[in-house]
Structures are given as structure tokens and as C-alpha cells.
Amino acid sequence: MKKVTLIPGDGIGPEIADALVAIFEAAQVPIVFERVEAGKAVYDTTGVLIPEDVYQSIERTNVALKGPTETPIGYGFSSMNVGLRRKYDLYANIRPIKSINGVETKYENLDLTIFRENTEGLYIGEESYETEDKDVAVAIKRISQKGSYRIIKAAFDYAQKHSKEKVTVVHKANILKLTDGLFLETARQVAKDYPGIFMEEIIVDNMCMQLVTNPEQFQVIVTMNLYGDILSDLCAGLVGGLGLAAGANIGDDVAIFEAVHGSAPDIAGQDKANPLAFLYSGLLLLDYLELFDVSERIRQAIDETLSHQELRTADLGGSLGTSAFTKAIIDRL
């Protein structure tokens, strides 16, 4: 059986990780979890945010499922997520945005996927002070042809594999003519290799408006790091919020799947957490491992559970806690 690294994380992380493990075991998913600990809780007791055994496990399995982690404030640490993306060159952040059965939102038929470049741009935090008085700060936006090419190609490959007709490239090249211009020109060159797919170009501020007024027009979106960070959370709001949003960080050799919401320390340990974002991230992992049948069986059990309002967690209008909601899904496998 395939081994997968499991990092429960902080706050509600251990609870939603236990929920996922219980559902996977009930569904007889053919994987074995290597459970390792990382995050602020580990730092508070050991002084290390990401212990060496976490790296060793990821490098053994090449696939990890990670819960929400909290970055210590004021200690000079960068995000654990950013650190793992850099270390393993996880250049493709993939966020599927799909309407969920039983979750009422303004838009009922959304099915789009965002490809966000994960290793370059403003988001990586190359910053410095420009003056000795530290009254002017500068951030570097680094965009490369290589980094642009591989994320754009990943988006077009996905579109081709899933019979999508359009890829939307989001940029601000009208103002940032060198950085965003390089990204856009690279996209135009990549698009030539996919004659059956239409490439659409949209400036990022217009894209925000289009997403909140007519999101059904989009199928696959590809963009740079900071824009992707913002747009993916915006789109999560269109289908019910971050509590339902799955995410994948994929490189050539390693893939890490994670819920994109926070650690919610205010409800940790109270059996109130909705495990769906983590569970959906786990299903992305199963799809990555080409375990499509069991992944679909779990999806169907989730859909059947959500079709009954009384079987939902409180954030979705129901009254069940984490453990009861988990049992409801297991009962419908």
C-alpha cells in the first residue's frame, strides 16, 4: 500500500485529521499514513517549527497531507507553507472551485480550477529597507520564463486532459510591463501548442469584477503567486467559504495537499470543526494517486450527507459536531 505523510497541524488540525483517517479506513483506502507533527504547538515545546522527521517522511513518501498550521508571531519565521513550497519546489498551487451539493450559494453550477504559480512573485517575500531610517521599504517581484512556463503548461495540460475549452490568463501587464509582461508573453507562446484551447487574457482588477458577477464563464484560470492567492480565496467564497476549499501544492517530485483555512484555535478541541476542506484535499490526493474509484465513492457519501440539512455541521446550517458528521459520512459509504 502507498505510504502518505500526514501532518495534522495546529488548532483543529488533529480533529479533522482524525476524521479523515476514520473515513479513509472505513472506505478501505489503500494507503498507510505516516503521522508526524509540525507547527506552532511543536515549536512551543521543542523550539523547532518543522522537525527533521517531517522532512524525512516527506522525502520517503513524496506525498503529504497537511492540516492547518500557525506561524509564530514575532519570531522572524516565514510561513511553514511557504517554506515547504520552496524546499520541494512545489510550483503549482491548484485550487478546484466547484459548487457543492446541499450548500446554497448565489451560484449553483460553478466548476473552475485555479492554477497559481507558487514559487515566485511578490508573495515569496523578498523585502528590504531602502533607507537607513527604515522609512521606505521595497519588495521584489521576481518572475522568470521558466517559472511562468511550467505553471502555464500545467494549466493547459489540465485543460486538455479534462476537455476544457478555455484557459484564462490573469495579469497586470498593462502596468507591470516587464514582470507581468513576461508571464503573459510566455502564456501566448505556450498556447500555440494547444490549438484546440482558447487562451483568454484578463487584467486582474477586471477579473475580480468578472468573478463576482459572472463566474460561470471561467473554466481554468492561471496566474502569478499573489494574484492567485487573492483570487482563489475570492472563489472559495463563491462556493461556501474557506471551510470547504481544498488545495494542492504540486512539484515534479513531491506533492503536498492541504486545507487552506486557518487553525481556528477558538474552537479547537470542542468537536465543532467542519472537516470537509481537509477531506476534499484528501480526495485530491487520492485523485493524484489515481485512486479514482474510492475517491468518487467518498465524494458520493459526502454529497448524500450534505443533502440532509440536519446532518451538516453548524457552519452549514446543521447541528452536528465533527465526530457525528464523520459518522454520518461513514454510514453512507
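1. Strand β8 spans residues 166-171, and six of its six residues are buried. Strands (E, at least two residues) and helices (H or I, at least four) are DSSP runs, numbered from the N terminus.

2. The model is predicted: local features need pLDDT of at least 70, side-chain atom pairs count only at pLDDT 80 or more, and totals for chains, interfaces and linings use all residues. Residues are numbered from 1 along each chain as its sequence is written, and side-chain values use heavy atoms, with hydrogens and water left out.

3. Strand β8 runs parallel to β9 (residues 198-203), to which six bridges join it; two strands pair if DSSP finds at least two bridges between them. Strand β8 also runs parallel to β10 (residues 220-223), with four bridges. V167 stands opposite M199 in β9 and opposite V220 in β10.

4. Together with helix α6 (residues 179-191), β8 and β9 make a right-handed β-α-β unit. Right-handed means that, with the strands pointing away from the viewer, the path from the first strand over the helix to the second runs clockwise.

5. The largest pocket has a volume of about 1300 Å³. A pocket is an open set of points on a 1 Å grid over the protein atoms alone, where a 1.4 Å probe fits, with protein on both sides within 12 Å along at least five of seven lines; lining residues have an atom within 4 Å of a point. The volume is the space filled by probe spheres set on the points, which are joined across faces, edges and corners.

6. The lining of the largest pocket has 37 residues, with P96, Y158, H162, L284 and D287 nearest its centre. Strand β4 gives the most, five residues. Domain 1 (1-91 + 245-332) and domain 2 (106-239) both contribute to this lining, so the largest pocket lies between them; the domain bounds come from an automatic or database domain assignment.

7. The second largest pocket has a volume of about 380 Å³. It is lined by 21 residues, of which N81, R85, Y123, V260 and H261 lie nearest its centre. Helix α4 gives the most to this lining, with three residues. Both domains give residues to this lining too, so the second largest pocket lies between them.

Conventions. Buried means under 20% relative accessible area, exposed over 50%, partly exposed in between (1.4 Å probe, protein chains only).
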